[in-house]
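Trainee: I would like to learn how to read this structure. Could we take it feature by feature?

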Protein chains: 4
Amino acid sequence: MAFRSKLRIRFGDIDRAGIVYYPRFMHYFHVALEEFFADELGIEYHTVVDTHRIGLPTVHLESDFSRPFSYGDNIEVEVRVRKLGRTSVTFGYRVFEESEDDPRIVGHNVTVCLDMDNFKKMDIPDWLRQLFEKQLGGPLE
Amino acid sequence: MAFRSKLRIRFGDIDRAGIVYYPRFMHYFHVALEEFFADELGIEYHTVVDTHRIGLPTVHLESDFSRPFSYGDNIEVEVRVRKLGRTSVTFGYRVFEESEDDPRIVGHNVTVCLDMDNFKKMDIPDWLRQLFEKQLGGPLE
Amino acid sequence: MAFRSKLRIRFGDIDRAGIVYYPRFMHYFHVALEEFFADELGIEYHTVVDTHRIGLPTVHLESDFSRPFSYGDNIEVEVRVRKLGRTSVTFGYRVFEESEDDPRIVGHNVTVCLDMDNFKKMDIPDWLRQLFEKQLGGPLE
Amino acid sequence: MAFRSKLRIRFGDIDRAGIVYYPRFMHYFHVALEEFFADELGIEYHTVVDTHRIGLPTVHLESDFSRPFSYGDNIEVEVRVRKLGRTSVTFGYRVFEESEDDPRIVGHNVTVCLDMDNFKKMDIPDWLRQLFEKQLGGPLE
């Protein structure tokens, strides 16, 4: 099974309509990505950014939302490496209420590898590419 | 020219990489949408939500980011009505640094009209449809 | 030892100065409070709000910050019930880097018990008062 | 009259209780401070941070909240320089609904002047002290 990060919907994540404010899901994606780096890739995201001086800004994002989330729902954010280019990596996300089989949100973000010292695009370094490659493939549960 | 909302990038909008944290743009889109309702459609968004009990949750979002924004950049978020369905309305967004001709971000969000009292999809009411229709069409600058 | 909630500082919590944006700590306090309700009081905060229709808005807050937090710091937020009035409850907070003995932040928030159906102040109901009372007292480590 | 920044309460600023999530006010304070720098002191805050490499992190904050704000309220955040030390400056804040005479929130934040290149406390430089001094004093409306 793919990596899932268990998150809690917070009191302050709710909007005037009484459901999770949609930009928060983009934040949840990033939080889950940070957990994915620590737990699956074996390197803390802050080490990637602060020590290796590599950034992964989003250049394309796309998501479908089929049902809203409310305060009190228990949320699981699945993270996968969907595609690896020379300079880009695509992360796939699915968001589940923990008791449900079908995701309520399905999306992906394309990111590019950036040298944080000059903000220029760079090839994904080999050590990082190898970590991503181990996560690629497998059935699309 | 299409409606543009002038926003300021805030000190707290910046992330560890020194650029605007990408989920903030989804928030900027919503802020610009609220301004669009007030200034172009002639009705405050809180009136739509709290008085008319109509919500417009996002069911699909999609954006391309070509260049990051930094603290101190002056930002303009263009809002358009791109498509009108029976129950759905698609808003198009483009984000400019105010001194530039080309947008750094181009995206759109598909929203559905929801009865806030039962969270069921509903046809866009005529009075609101007419407001949206006036904003439709025109060249894609 | 008092209850502590382990939190992760997130990539997006950092501000332009490269440290945690100070309003985020007020959010961390609330997140830790939600954990405190679930883990120590034995009732989920969303149940208090949504089922019992009780709110606990902050009417006074006060905090001292002795050292900033950076991305990658592991954070622990201690929560205590400091004082119980007829309608008010004061929560004390201390924020530690997990490897340190001295807190970097010490603060407290006074909240009042509100009937969420009319937004009027109300006496803390007995069942909730008893939960708070069990947490009162003890040495100030 | 003291400087006031007109802000809009946003759809996403509302919490599960239907009022502005209290950490947002700390964000509003900072937003108003950024406007205060630009409009009253005559220097953009990002210039202070990015060009002069000076930070003003909060070391103490304190606020009283007498009435909540809802979506649709028009908000004005007053900013004043309350006190000037050798290395510290205290900003006073009051938050009004624009049609009301009495503030709903009264608070202040003590900040210290920091050299952003080594994160050490420093004396407020003369040019900045002079800007702050012009804002000091006057009756407490």
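Trainee: How many bridges join strand E3 of chain C to strand E3 of chain D?

Mentor: Start with the general idea. Strands of a sheet pair through backbone hydrogen bonds, either parallel or antiparallel. Now the case here, in a model that is predicted. Five bridges link E3 (residues 58-65) of chain C with E3 (residues 58-65) of chain D, and the two strands run antiparallel.

Trainee: Which residue of E3(D) stands opposite C:His60?

Mentor: Find D:Asp64; C:His60 faces that residue. Then look at C:Asp64, whose bridge partner in E3(D) is D:His60.

Trainee: What is the order of strands in the open sheet of ten?

Mentor: Read across it: E1(C)-E4(C)-E5(C)-E6(C)-E3(C)-E3(D)-E6(D)-E5(D)-E4(D)-E1(D). The pairing is antiparallel. E1 (3-8) of chain C and E1 (3-8) of chain D stand at the edges. Each has a single partner strand, so one side of each lacks a neighbour in the sheet. Ignoring direction, neighbouring strands are turned by 20° against each other on average.

Trainee: Which helix of chain C packs on that sheet, and what does it touch?

Mentor: That is H1 (residues 22-41) of chain C. In chain C, this helix touches E1, E4 (74-84), E5 (88-97) and E6 (105-112). H1(C) also touches E3 of chain D. The direction of H1(C) makes about 130° with that of E1(C).

Trainee: How should I describe a pair of helices?

Mentor: Two packed helices are described by the angle between their axes and the distance between the axes. Take H1(C) and H1 (residues 22-41) of chain D: they pack at about 175°, with axes 8 Å apart. An angle over 145 degrees counts as roughly antiparallel. H1(C) and H1(D) are therefore roughly antiparallel to each other.

Trainee: Which residues make that contact?

Mentor: On H1(C), look for C:Tyr22, C:Pro23, C:Met26, C:His27 and C:His30. On H1(D), they are D:Tyr22, D:Pro23, D:Met26, D:His27 and D:His30. By class, the contact of H1(C) with H1(D) has six nonpolar and four polar residues, and no charged ones.

Trainee: How many residues of chain C and chain D take part in the whole contact?

Mentor: Chain C gives 21 residues and chain D gives 21 residues. On the side of chain C that touches chain D, H1 and E3 of chain C are the elements that give two or more residues. E3(C) gives the most, with eight residues. Sorted by class, that side of chain C has twelve nonpolar, six polar and three charged residues.

Trainee: What rotation superposes chain C on chain D?

Mentor: A rotation of 180°, with 0.0 Å of shift along its axis, superposes them with an RMSD of 0.0 Å. The two copies are thus related as by a two-fold rotation axis. In chain C, C:Glu62 has the C-alpha nearest the axis, 2.1 Å from it. Now compare the surfaces. 100% of the interface residues of chain C are also interface residues in chain D, so the copies meet through the same surface.

Trainee: What is the strand order in the open sheet of three in chain C?

Mentor: The order is E2-E7-E8, with antiparallel pairing. E2 (54-55) and E8 (120-121) of chain C are the edge strands, and each pairs on one side only. Two bridges pair E2(C) with E7 (residues 114-115) of chain C. In E7(C), C:Asp115 is the bridge partner of C:Ile54.

Trainee: Now chains A and B. How many residues are in contact there?

Mentor: 21 residues of chain A contact 21 residues of chain B. On the side of chain A that touches chain B, E3(A) supplies the largest share, eight residues. E3(A) and E3 (residues 58-65) of chain B run antiparallel, joined by five bridges. There A:His60 stands opposite B:Asp64.

Trainee: How many helices and strands does chain A have?

Mentor: Chain A has three helices and eight strands. From the N terminus, read β-α-α-β-β-β-β-β-β-β-α. The C-alpha atoms of chain A fill a box of roughly 45 × 35 × 25 Å along the principal axes.

Methods
Residues numbered from 1 in each chain as written. Chains lettered and ligands numbered in written order. Predicted model: local features only at pLDDT ≥ 70, side-chain atom pairs only at ≥ 80, totals over all residues. Contact = placed C-beta atoms within 7 Å. Helix = DSSP H or I, 4+ residues; strand = E, 2+ residues; numbered from the N terminus. Pairing = 2+ DSSP bridges. Least-squares fit on C-alpha atoms with pLDDT ≥ 70 in both. Axes fitted to C-alpha atoms, helices over the stretch in contact; angles between N-to-C directions. Parallel < 35°, antiparallel > 145°, perpendicular 65-115°, else oblique. Nonpolar A, V, L, I, M, F, W, Y, C, P; charged D, E, K, R; others polar.
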